[in-house]
Amino acid sequence: MEREEYLAAIKPRMPEKRYIHTIGVMETAIALAKVFGENEKNAEIAAILHDIAKYADIAWMEKIVRDEKLDHRLIGWGSELLHGPVGAYIAEHEFGIVEEDILNAIRFHTTGRVGMSRLEKILFVADMIEPNRKFNGVERLRKKAQKNLDKAVSACVRHTLAFLIDTKQPIYPLSIDCYNDLMKRED
Ligand code: GDP
Ligand code: FE
Ligand code: FE
Ligand code: FE
């Protein structure tokens, strides 16, 4: 499928604002793929599909988790944590994506995980720094992403966890595993 077909397929499944965010993630992910020598087409597809499940019905997503035997800890966390793993399911079963790297990039784009691939890192960072994102410190993350992908991932994870703690939100185990792994490697 070509870019325009993917975009036409996702557009009716999300509000305009989310679609604009997705275009921003796509452009950012392709740019990062160029900088860090990743497959640009894979970055494009992963980015276009990454939030496809964001507005899916929660009961339906929880049914997918049960039927497909996804991580049972996802039950009860709501759309924010479900839409990555269920997005990967939709990418595979509805769009016929077979590349495990693309599916993993979608699956783990919210939490990150231990041992992310280069494509997973690119989508994770692009999601956070795309041009429509506006939060304190985003400019610093954008600069970091041009220089060092691993350091950018680490900074994005720390930013998200600090925000979750500040706003008294629970932290999903995979997010903590990802953080611990990054901090063990940090020099
Ligand atoms: P988006 O889908 O483009 O808005 O971005 P993400 O998929 O990266 O994140 C979706 C939401 O999940 C954001 O509001 C994050 O702050 C939130 N989030 C990320 N990790 C966790 C976590 O471990 N626990 C909770 N409760 N929320 C998280
Ligand atoms: Fe998302
Ligand atoms: Fe993200
Ligand atoms: Fe997103």
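**Ligand shell and helical core**

Ligand 1 is surrounded by 14 residues, the closest being E80, T110, Q169, Y172 and S175; a residue counts as near if its C-beta atom, placed from the backbone, lies within 6 Å of the molecule. The model is predicted, with local features needing pLDDT of at least 70 and side-chain atom pairs counting only at pLDDT 80 or more, while totals for chains, interfaces and linings use all residues. Residues are numbered from 1 along each chain as its sequence is written, and chains are lettered from A and ligands numbered from 1 in the order in which they are written.

Turning to the fold, the chain has 10 helices and zero strands (DSSP runs of H or I, at least four residues, or of E, at least two, numbered from the N terminus). Along its principal axes, the C-alpha trace spans about 40 × 35 × 30 Å.

What share of the 187 residues is buried? Buried residues, those with 20 or more other C-beta atoms within 10 Å of their own, make up 37% of the chain. In the largest nonpolar core, which has 47 residues, A29, A46 and V125 touch the most other members. Such a core joins buried Ala, Val, Leu, Ile, Met, Phe, Trp, Tyr and Cys residues through C-beta atoms within 7 Å. Helix α7 gives the largest share of this core, eight residues.

Helix α6 (residues 100-107) has I102, A105, I106 and R107 as its buried residues. These pack against α3 (40-49), α5 (79-93) and α7 (118-129), with contact meaning C-beta atoms, placed from the backbone, within 7 Å.

Conventions: A residue is buried if 20 or more other C-beta atoms lie within 10 Å of its own, exposed if 12 or fewer, and partly exposed in between; C-beta atoms are placed from the backbone. Two residues are in contact if their C-beta atoms, placed from the backbone, lie within 7 Å.
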